[in-house]
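Open the structure in your viewer and keep the selection tool ready.

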Amino acid sequence: MNNSSETLLKVENLSKHFPITKGVFRRQVGTVKAVDGISFEIKERETLGLVGESGCGKSTAGRVILQLYPATSGNVVFRGVEITELSPEKLRLQRPKMQMIFQDPQDSLNPRMTVGDIIGEPIIEHQFHKGKERREKIEQLLKSVGLNPKYTNRYPHEFSGGQRQRIGIARPLALNPDFIICIWE
């Protein structure tokens, strides 16, 4: 690896603790330390695998890095920007650059939406393409993950588990992110 490459992501002493509450008044009686003080750095074009037993905090770490869960403590610096301190508006501007592929596509795909709508939702939300250009992008994404581009009007239940996983991969790729977290347990 070229040591002169730019740092894409730097995580320093990242922690996420969840309170354990009890009783009518929901008094805190303990804490679950899902992630406790992890640190690492990822440079451009580098891949990092976070490995551990089930329940050790890998998925939580991914969600905290992307600020889907707020960090209890620590820093997450993406392309030189400390994202744990960003306002919701500024974090929204970072979202297209950082995406997540979830392990279970059944949980991440809305059964009431067509595949074209699912893949097109982030494109619409972040105003990347409109009209015909958006349709062409969605068809290109389906093709890139090995699905027939004519499947845009089908619903998730019409696909096998492996095909749904491909749809779950196409969706975050729609925004051409700089960084992708893939969660597999």
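Start by selecting Phe78, which is buried at a relative accessible area of 0% (buried is under 20%, exposed over 50%, partly exposed in between, with a 1.4 Å probe and protein chains only). This is a predicted model, in which local features need pLDDT of at least 70 and side-chain atom pairs pLDDT 80 or more, while totals for chains, interfaces and linings use all residues. Residues are numbered from 1 along each chain as its sequence is written, and side-chain values use heavy atoms, without hydrogens and water.

The ring centres of Phe78 and Phe179 are 6.2 Å apart and the planes meet at 50 degrees, so the pair is tilted (rings of Phe, Tyr and Trp, the last by its six-membered ring, pair with centres within 6.5 Å; planes under 30 degrees apart are stacked, over 60 edge-to-face, the rest tilted). Phe78 is in strand β3 and Phe179 in strand β6, so the pair ties together parts 101 residues apart in sequence (strands are DSSP runs of E, at least two residues, and helices runs of H or I, at least four, numbered from the N terminus).

Next, select Phe18 and Tyr69, an edge-to-face pair with centres 5.7 Å apart and planes at 90 degrees. Phe18 lies in strand β1 and Tyr69 in the loop between α1 and β3, 51 residues apart. Phe18 is partly exposed at 29%, and Tyr69 is partly exposed at 30%.

Finish with Ile181: beyond its neighbours within four places in sequence, its contacts (heavy atoms within 4.5 Å) include Gly62, Ile65 and Met100.
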